[in-house]
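Student: I would like to learn how to read the local features of a protein model. Could we go through them one at a time?

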Amino acid sequence: MTRVAVFGVGSTNFRYAVATASGEFVTEPVIEPTDPDRLAGQIVDAVGDLKTSTGLGLDAVAVSAPGLVDRNAGTIRKLDAPDGRTVPEVEVRDAVRERHDLPVVVENDCNASVLAEWQFGSNPAVDSVAHLTIGTGIGGGVVENGTLIAGEDAQAGEFGLFAVAPEGDLRSTGVTGAWEAYCSGRGVPKYATHLFETGEASFGPDDSELATAIGDGVPITSQTVFTHAADGDPFAEACLERIHRYNAVGIAGICNAFNPGLLTLGGGVALNNGEATIEGIEQYLGEYLFVDRPEIRLTALGDDIGLYGSLAAYLTRTDDPSISVERQPVQSTTD
């Protein structure tokens with residue numbers, strides 16, 4: 001039985017476990033805070049912990065992570081850190097090989113996530129699958145008949161840099177009006193603060209607890225905005241109305257370009273606010289969509305999508321003839 005140490009690295013936390021080629025976890029996922037400046041060492045230590053705790057041999061290591069990935073070198077370039085900066089390069093493959101002498105596969109987290117959807121999350125009758133991660137940032141990918149649409153340098157899927165507000169004031173990684181500058185985990189609180197400070201959505205302290213908090217300099221998060229909106233706060237509702245429209249613009253762009261049969265949503269912002277996010281998208285999507293509307297739903301793989309994604313990336317790149325790569329949807333981790 002093939003055993004792979006799988007890693008789903010996020011900007012804030014990373015998860016790891018041992019999985020089989022069929023998508024079964026041999027160990028319960030472990031969650032640790034991500035230290036971008038010593039990530040290679042964290043992965044090396046975690047592989048050692050898995051070998052020690054299970055007493056099982058490992059056949060490979062597979063890692064999905066944010067940032068640009070050099071597949072041939074097994075490195076992560078421009079790793080996205082929680083504070084918005086980027087770590088220039090993380091040499092994952094060399095570090096793991098030096099300590100554990102195992103083959104290593106490294107894939108961008110959004111590319112890995114859509115591979116996970118194709119392999120483990122979608123109905124085999126669907127030929128084209130798209131996945132969108134709305135988390136700290138925004139990204140995604142598309143798989144067509146089992147093939148990842150990766151781009152010339154395997155850097156496709158930077159959907160979060162779609163300019164959904166090209167005349168807007170907010171930017172991300174140098175892109176004016178970038179989708180993730182408005183609708184990501186980092187973007188939502190910045191956009192809400194921008195709306196308050198510019199008066200584009202003006203509510204006083206007698207009208208809105210969210211506006212009062214921002215005016216008083218109280219730190220807010222994306223979840224703060226969603227929670228206040230659910231409680232009927234008019235300023236929070238006005239913020240989300242704009243955010244939902246931008247999400248619809250971005251998703252329509254993906255659909256018009258790739259015509260997926262299924263589009264799934266993941267990432268903390270989407271998963272923690274699933275109903276509000278999908279209803280908001282559906283409210284405005286028709287204004288921007290030309291192709292047939294795909295099924296849009298939350299990922300069935302939940303927070304473990306990064307683990308499934310790294311495993312799926314390994315399966316698509318292994319040359320082991322004994323390993324089957326037939327699609328095999330697993331039970332929802334959100335059940």
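Student: Is K78 buried, partly exposed or exposed?

Tutor: Buried means under 20% relative accessible area, exposed means over 50%, and partly exposed lies in between, with a 1.4 Å probe and protein chains only. K78 has a relative accessible area of 48%, so K78 is partly exposed. Before going on, note that this is a predicted model, in which local features need pLDDT of at least 70, side-chain atom pairs count only at pLDDT 80 or more, and totals for chains, interfaces and linings use all residues. Residues are numbered from 1 along each chain as its sequence is written, and side-chain values use heavy atoms, with hydrogens and water left out.

Student: What is the strand order in the open sheet of three strands?

Tutor: Two strands pair if DSSP finds at least two bridges between them. Here the order is β5-β6-β7, and the pairing is antiparallel. β5 (68-70) and β7 (86-91) are the edge strands, each pairing on one side only. Between β5 and strand β6 (residues 75-80) there are three bridges, and L68 has R77 as its bridge partner in β6.

Student: How many residues of strand β9 are buried?

Tutor: In β9 (residues 128-134), seven of the seven residues are buried. S128, A130, L132 and I134 point one way, while V129, H131 and T133 point the other way.

Student: Which strands does β9 pair with?

Tutor: β9 runs antiparallel to strand β10 (residues 138-144), joined by seven bridges, with V142 as the bridge partner of A130. The hairpin from β9 to β10 passes through three residues. β9 also pairs with strand β14 (residues 262-266), in the parallel sense over five bridges, and there H131 stands opposite T264.

Student: Why is β10 described as largely enclosed?

Tutor: β10 is largely enclosed by the rest of the structure because six of its seven residues are buried. Two bridges join β10 to strand β11 (residues 147-148), and these two run antiparallel. V143 is paired with L148 in β11. The hairpin of β10 and β11 has two residues between the strands, and N145 in this hairpin takes a positive phi near 50°.

Student: Which residues touch the most other members of the largest nonpolar core?

Tutor: A nonpolar core is a set of buried Ala, Val, Leu, Ile, Met, Phe, Trp, Tyr and Cys residues joined through side-chain atoms within 4.5 Å. The largest one has 47 residues, of which L132, W179, V225, I251, L263 and L265 touch the most other members. Helix α8 (residues 234-258) gives the most to this core, with eleven residues. Another core, of 30 residues, lies apart from it and includes A19, V105, A116 and Y314.

Student: At what angle do helices α3 and α11 cross?

Tutor: Angles under 35 degrees count as roughly parallel, over 145 as roughly antiparallel, 65 to 115 as roughly perpendicular and the rest as oblique. The axes of α3 (residues 109-121) and α11 (residues 305-317) cross at roughly 80° and come within 7 Å. The two helices are therefore roughly perpendicular to each other.

Terms used
Axes are lines fitted to C-alpha atoms, for helices over the stretch in contact, and angles run from 0 to 180 degrees between N-to-C directions. Helices (H or I, at least four residues) and strands (E, at least two) are DSSP runs, numbered from the N terminus.
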